[in-house]
Number of protein chains: 4
Amino acid sequence: MAQLGLIGLGKMGFNMRERLREAGHRVVGYDRNAEVSDVASLADLVAALEAPRVVWVMVPAGAATRQTITELAELLDEGDLVIEGGNSRYTEDAEHAELLGRRGIGYLDVGVSGGVWGKENGYGLMVGGSTADVERAMPFFDALRPEGPREESFVHAGGVGAGHYAKMVHNGIEYGLMQAYAEGFELLEASGVVQDVPGVLKAWQRGTVVRSWLLELLVEALENDPELAELEAYVEDSGEGRWTLEEAIDNAVPAPVISAALFARFASRQENSPAMRAVAALRKQFGGHTVKTKVTD
Amino acid sequence: MAQLGLIGLGKMGFNMRERLREAGHRVVGYDRNAEVSDVASLADLVAALEAPRVVWVMVPAGAATRQTITELAELLDEGDLVIEGGNSRYTEDAEHAELLGRRGIGYLDVGVSGGVWGKENGYGLMVGGSTADVERAMPFFDALRPEGPREESFVHAGGVGAGHYAKMVHNGIEYGLMQAYAEGFELLEASGVVQDVPGVLKAWQRGTVVRSWLLELLVEALENDPELAELEAYVEDSGEGRWTLEEAIDNAVPAPVISAALFARFASRQENSPAMRAVAALRKQFGGHTVKTKVTD
Amino acid sequence: MAQLGLIGLGKMGFNMRERLREAGHRVVGYDRNAEVSDVASLADLVAALEAPRVVWVMVPAGAATRQTITELAELLDEGDLVIEGGNSRYTEDAEHAELLGRRGIGYLDVGVSGGVWGKENGYGLMVGGSTADVERAMPFFDALRPEGPREESFVHAGGVGAGHYAKMVHNGIEYGLMQAYAEGFELLEASGVVQDVPGVLKAWQRGTVVRSWLLELLVEALENDPELAELEAYVEDSGEGRWTLEEAIDNAVPAPVISAALFARFASRQENSPAMRAVAALRKQFGGHTVKTKVTD
Amino acid sequence: MAQLGLIGLGKMGFNMRERLREAGHRVVGYDRNAEVSDVASLADLVAALEAPRVVWVMVPAGAATRQTITELAELLDEGDLVIEGGNSRYTEDAEHAELLGRRGIGYLDVGVSGGVWGKENGYGLMVGGSTADVERAMPFFDALRPEGPREESFVHAGGVGAGHYAKMVHNGIEYGLMQAYAEGFELLEASGVVQDVPGVLKAWQRGTVVRSWLLELLVEALENDPELAELEAYVEDSGEGRWTLEEAIDNAVPAPVISAALFARFASRQENSPAMRAVAALRKQFGGHTVKTKVTD
């Protein structure tokens with residue numbers, strides 16, 4: 001069994017440590033939150049691992065990841081390997097690889113999918129980097145991914161950046177899939193023709209063309225709350241949908257579904273859309289149409 | 001000068017009566033609202049006109065129009081002509097024409113554009129029906145349309161139904177145009193790069209590619225209320241946008257812009273979109289993402 | 001074991017007969033194609049069944065289904081039951097039920113999902129009609145649906161029409177799901193960042209958020225033809241996507257993803273889009289932009 | 001009357017020189033194309049102007065503009081002013097201003113709209129920069145813009161970058177407007193209900209809600225080629241639509257219409273969309289649907 005340093009023990013990293021340990025690996029975890037951390041500092045984590053080391057970074061994308069990589073470049077030695085598994089934009093991977101590479105430290109970027117269910121089900125993994133580095137990290141990948149053929153939950157997608165790129169597109173697709181189910185759900189609710197809407201979604205789980213894991217999750221949500229009455233129609237987005245759309249623009253790829261899904265989220269967060277006030281203003285101007293105005297008395 | 005019966009003296013019909021009279025025509029108007037009506041009943045209106053009569057119907061589309069046409073079929077005589085100028089769906093025109101035609105009464109369908117500004121500026125007119133009927137009604141069309149070459153504000157678009165069809169597509173385009181300006185307006189507001197947003201729109205009125213009458217109306221709205229703060233982001237739709245999209249579907253014509261504009265209106269009227277609650281539910285299920293839930297106690 | 005008359009032995013009906021027989025039911029099949037038919041006529045089919053009969057209609061939606069239902073209304077007896085399992089528009093079910101009901105014949109509408117894989121995997125079933133009729137037909141439903149809990153592949157969705165309505169929405173969602181994967185696939189192909197695109201999709205099959213049966217099918221297609229080079233970018237639509245969008249319009253439900261997926265299909269079938277020629281014309285007019293013109297000499 | 005150096009005498013700059021000279025200004029033009037250039041080099045242009053100089057740059061956005069600005073920073077003196085009027089991304093303006101500012105040279109960014117018609121009609125102008133610089137350049141702005149109130153064709157939109165930002169949004173809106181007309185045109189053509197499609201568009205020019213300059217251009221195009229048969233359905237995009245969409249993403253502004261218009265252009269340029277081949281592949285897999293395959297032997 002191998003040993004791994006794991007930095008970041010939040011929702012994802014915490015569970016990954018569990019799954020790796022259950023597979024027999026020795027994992028030294030570090031988190032700023034001392035309650036979950038195995039060591040007191042990054043330096044301690046590095047000291048606790050035998051060289052050559054493998055260190056997996058699982059902290060929030062952006063500044064936190066960059067900071068961690070920068071510190072690791074100082075702390076690690078030639079021949080060590082850093083795996084960056086956060087939801088980073090793929091464009092950052094080249095910089096990270098370059099920074100570490102100058103000191104002889106290897107770099108892999110990994111897109112990790114599966115959410116809170118990954119601990120139990122295993123995680124889908126998309127990896128970018130050199131073949132040698134990928135092979136070296138394979139014991140950890142094999143422990144994290146679900147049972148079944150390796151190629152159904154793991155891919156060496158290409159060079160540095162390809163892992164995060166694949167994960168970015170995965171999330172863009174995810175936005176579209178979720179919105180498709182959501183529109184269908186709303187139509188079923190709105191029309192009143194179907195009397196048992198949760199029952200219909202439940203019955204789509206076997207045999208139908210639309211069966212999927214997301215559908216199963218929606219069925220589960222509806223079992224607890226058949227009209228989703230506990231939730232607000234307010235949906236955040238975490239970056240990867242935006243990046244997917246920006247990549248589509250850069251590559252002149254039509255992406256009407258992914259963009260529609262992203263814009264629906266944007267709109268869900270608006271209380272008083274300026275655009276729709278502009279449309280209301282126009283209708284009032286040309287048509288004398290009755291529009292809703294604020295009562296200011 | 002000619003004489004015309006005009007049924008329906010609402011926002012549109014009332015102004016049209018004015019414009020027709022200013023052009024020298026004799027107009028007998030009827031409305032259920034006695035305060036604006038010239039006669040007490042449809043029968044009185046018919047009696048007040050010399051045969052062969054021309055009667056223009058300008059009442060709400062749907063049941064009211066159908067009822068009026070049915071009554072006119074009883075009251076009018078062979079050789080009379082009915083002009084239906086409301087926002088009716090073009091599919092109803094064939095029925096109206098057939099009903100009247102059985103009694104020897106002619107029929108024209110007319111799409112009338114221009115809103116409350118038509119009284120002053122004149123109305124754009126799209127007409128469906130026979131050439132003979134169109135020629136007979138031309139004095140009224142010429143009075144209603146703006147100055148300038150006839151073909152720039154009037155068209156004999158085709159047989160019965162073609163007038164309303166052209167008007168339907170006109171309104172579908174209008175939805176798209178309005179939404180395009182609205183999205184641009186919102187982006188200017190949101191980015192903060194431009195400091196004088198109303199000034200930018202105002203400056204687009206001459207020389208630019210996007211200059212239009214709708215832009216002028218938006219500029220006017222912004223002069224009274226530079227942030228459109230008096231209005232709510234709540235936009236009705238009156239039917240013709242929906243019909244346009246249904247026609248696009250029937251003819252396998254991609255209509256991404258017109259549909260996006262229509263859906264933006266639908267969404268503007270939702271307080272708590274079921275679709276977006278479903279997306280929120282999914283994110284909560286797979287990601288443990290924080291979502292907004294209702295505080296219930 | 002029960003007996004069933006099954007009308008229509010095409011791609012769907014043929015396989016359903018197999019699956020029903022494997023479950024031990026006695027099935028008398030009729031098709032206009034004598035090679036696959038068990039009997040020579042509808043009358044023979046009716047004669048071959050003991051009363052009270054259950055007859056499943058699985059012929060093309062529209063005229064063929066209506067014709068079959070009309071003939072069955074003549075041939076069947078009070079107390080018999082007709083199950084309409086084609087891809088009919090839900091609005092037709094009320095008429096069918098009424099026609100048969102006048103003669104004391106029961107009616108169920110069933111949405112059947114699963115395509116050519118249903119024979120092996122079982123079919124997802126969405127049913128509309130009375131509880132008594134549903135219970136009577138349950139042995140056939142149980143034979144057709146996949147193994148596992150009944151409520152995960154079967155639903156009594158509501159009264160007459162609810163089964164086809166649920167299937168219509170199912171297919172609308174399906175359009176959106178397919179387009180989401182397709183956009184992601186195209187972006188992966190176009191960007192060149194990922195070197196093993198089929199491998200990425202293959203690796204999404206376990207553990208990821210986007211895993212689904214449609215994804216598995218896409219993976220399979222890519223194994224035979226890694227760049228889908230054998231296929232043309234030409235996609236038909238079979239009606240249910242259009243109906244879903246029309247229902248969304250009627251119910252004022254925003255459906256940007258489903259409509260985008262439908263319009264992408266429309267556009268895929270156009271060789272020379274009039275709309276895009278109009279845009280090209282506009283660019284040429286205002287900008288002197290170079291546009292592609294036909295070489296005519 | 002004032003003197004101006006004008007760099008770049010292409011479609012836009014050439015016409016602008018004409019219009020400026022007609023207004024009485026002294027313009028020294030430079031272009032790499034000696035046939036249209038007044039001087040042999042940038043250095044000659046600078047030498048030909050009395051200090052303090054005003055130099056307008058009107059060369060292609062990107063590398064050419066950056067190169068020109070860099071050279072001007074060397075050639076010009078403290079107190080001179082550079083006006084950048086190309087279709088540059090607004091993010092470049094800060095760099096340009098900084099580069100010039102270090103040498104005491106002022107900077108204005110100007111969005112110029114109007115296309116090839118600007119020479120005759122005048123150009124719409126959106127300007128970013130300091131008030132003092134704007135006032136200094138006002139004689140040139142007044143000469144270039146159309147007749148009528150200044151604020152209807154000119155705006156000082158804000159600080160450096162605001163002019164190009166306003167122009168970017170202008171062009172994003174333009175994409176949406178064009179696509180809206182185009183969809184309506186295609187529907188009119190496809191349905192066959194209207195017999196005189198060019199006549200309908202022509203009749204929308206006065207009195208209607210959709211009247212605009214773009215409509216007039218479309219009418220003109222249809223007069224020369226009533227079915228736009230000379231054109232191909234192939235539409236380029238020049239960058240500003242993409243930037244607008246990227247800004248919408250960055251600001252979380254829903255932009256369904258502008259994105260739909262951009263994607264329609266992307267799709268118009270694809271001969272064999274990978275996405276639609278993926279959808280075709282899926283339909284073939286699950287439904288045994290007939291799809292178009294390439295004939296290979």
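Biologist: How many residues of chain D are in contact with chain B?

Modeller: In this predicted model, 72 residues of chain D are in contact with 72 residues of chain B. Contact here takes heavy atoms within 4.5 Å.

Biologist: What area is buried between chain D and chain B, and what share do carbon and sulfur atoms give?

Modeller: About 5900 Å² is buried between the two, with carbon and sulfur atoms giving 70%. L187(D), R206(D) and V209(D) supply 12% of the area that chain D buries against chain B, more than any other three residues.

Biologist: What makes R206(D) and E152(B) a salt bridge?

Modeller: Their side chains come to 2.7 Å, N to O. The cut-off is 4 Å from a Lys or Arg side-chain nitrogen to an Asp or Glu carboxyl oxygen, so the pair qualifies. The count between chain D and chain B is two salt bridges.

Biologist: And how many residue pairs are in polar contact across the interface of chain D and chain B?

Modeller: The rule finds 24, with both residues at pLDDT 80 or more.

Biologist: Which elements of chain D give two or more residues to the side that touches chain B?

Modeller: Strand 6 (124–128) and strand 7 (154–158) of chain D do, along with helix 7 (162–191), helix 8 (197–203), helix 9 (213–224), helix 10 (240–250) and helix 11 (256–268) of chain D. Helix 7 of chain D gives the most, with 19 residues. By residue kind, that side of chain D divides into 37 nonpolar, 24 polar and 11 charged.

Biologist: Over to chain C. How many of its residues are in contact with chain B, and what area do the two chains bury?

Modeller: 19 residues of chain C are in contact with 19 residues of chain B. Chain C and chain B bury about 1600 Å² between them, 73% of it on carbon and sulfur atoms. I249(C), P254(C) and F263(C) supply 39% of the area that chain C buries against chain B, more than any other three residues.

Biologist: How many salt bridges and polar contacts are there between chain C and chain B?

Modeller: The rule finds zero salt bridges there. The count of residue pairs in polar contact is two, both residues being at pLDDT 80 or more. Helix 10 (240–250) and helix 11 (256–268) of chain C each supply at least two residues of the side that touches chain B, and the largest share, six residues, comes from helix 10 of chain C. That side of chain C divides into 13 nonpolar, two polar and four charged residues.

Biologist: Now chain B itself. What is the strand order in its open sheet?

Modeller: Seven strands run in the order 2-1-3-4-5-6-7, with mixed pairing.

Biologist: Why are strand 2 (26–30) and strand 7 (154–158) of chain B called edge strands?

Modeller: Each pairs on one side only. The twist averages 25° from one strand to the next.

Biologist: How do you know that strand 5 and strand 6 of chain B count as a pair?

Modeller: The cut-off is at least two bridges, and strand 5 (residues 106–113) and strand 6 (residues 124–128) of chain B have five, so they count as a pair, in the antiparallel sense. G111(B) stands opposite M126(B) in strand 6 of chain B.

Biologist: Which helix of chain B runs at about 145° to strand 5, and which at about 35°?

Modeller: Helix 4 (residues 91–101) of chain B is at about 145°, lying across strand 4 (81–84) and strand 5 of chain B. Helix 6 (residues 131–144) of chain B is at about 35° to strand 5, and the strands that helix 6 lies across include strand 1 (3–7) and strand 3 (54–57) of chain B.

Terms used: Residues are numbered from 1 along each chain as its sequence is written. Chains are lettered from A and ligands numbered from 1 in the order in which they are written. Side-chain values use heavy atoms; hydrogens and water are left out. Helices (H or I, at least four residues) and strands (E, at least two) are DSSP runs, numbered from the N terminus. Axes are lines fitted to C-alpha atoms, for helices over the stretch in contact, and angles run from 0 to 180 degrees between N-to-C directions. Buried area is the accessible area (1.4 Å probe) that two parts lose on being put together, summed over both. A polar contact is a pair of N or O atoms within 3.5 Å; within protein, one must be able to donate a hydrogen and the other to accept it, and residues adjacent in sequence count only if both atoms are side-chain atoms. Ala, Val, Leu, Ile, Met, Phe, Trp, Tyr, Cys and Pro count as nonpolar, Asp, Glu, Lys and Arg as charged, and the others, Gly among them, as polar.
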